[in-house]
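Dear colleague,

Please look it over first and then read on.

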Amino acid sequence: MKIFNHIQIILVEPSLPANIGSAARAMKTMGLSHLRLVSPKQPIDEQARSLAAGAKEVLDNAQTYATFDDAIADCQLVIGTSARLRHLQNTLVEPRDCGELVINRVSVGKVAIVFGRERVGLTNEELLKCQYHLNFPTNPDYGSLNLAMAVQLASYEIRMAYLQKTAEKQPLVEAKEYPTAEALEHFFAHTERLYKKLGFIRNEAVMLKLRRLYQRAELETNEVNLLRGMLTAVEKAN
């Protein structure tokens, strides 16, 4: 299952090494092995390795990044987990549909599933950099999931989607190319710079709505290049 090598599980500022170890175990049971950590509060310790059980190599190979942007920079699809609805909500996706989405997209680039801080989750700014928001339909009277549980649920649905597709002998390759998160950020920065110069963007809310619109469109690489060419043409004309 080489395509699983393109799936990145990202934990943003995890507070306890034990949670990292438990998440690593949850990943390995479903065949995932690429773990990224964004500014963990504490280094991986013996308790983390103990809770990882047979998934020690997942911990040993985990990559650490200083910022959220660095961790997602090379990913073509970024899915952020969110326990609650936000004011500027991107496309919501439930675990089963998320699994199918990941398997459909993983053949053409890296996919990141991002889990936020244990207490407060992902910030609004971080979620706006994700094309989809994964929401777990838990009991409305008690929806508390710990970090490892959330990782387990997402990983399980990815594996089930893969098994379903291979059982039905469906092709795993999608004939499209998508930009990385880093390339999208350059496009958004270019858009904001020009639109401010033209006087179209006068407050932060406008750019947030534009970002959401473009994220929802799932721009392909050639479309981003076309839009950037248009921005450059307008700059030259002014």
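The notes below take up the domains, the contact between them and the cysteines.

This is a predicted model, in which local features need pLDDT of at least 70 and side-chain atom pairs count only at pLDDT 80 or more, while totals for chains, interfaces and linings use all residues. Residues are numbered from 1 along each chain as its sequence is written, and side-chain values use heavy atoms, with hydrogens and water left out.

The chain is divided into domain 1 (2–166) and domain 2 (181–237), with bounds that come from an automatic or database domain assignment. The centres of the two domains, taken over C-alpha atoms, are 28 Å apart. Their contact (heavy atoms within 4.5 Å) draws on 15 residues of domain 1 and 11 residues of domain 2. Between them the domains bury about 1100 Å², of which 54% lies on carbon and sulfur atoms; buried area here is the accessible area (1.4 Å probe) that two parts lose on being put together, summed over both.

One salt bridge is found across this interface, the term meaning a side-chain nitrogen of Lys or Arg within 4 Å of a carboxyl oxygen of Asp or Glu. Arg105 also forms a salt bridge with Glu218, where the closest N and O atoms are 2.7 Å apart.

As for the cysteines, a search of the whole structure finds zero disulfides (pairs of cysteine sulfur atoms within 2.5 Å). Cys75 is in no disulfide, and the nearest cysteine sulfur, that of Cys130, is 10 Å away.
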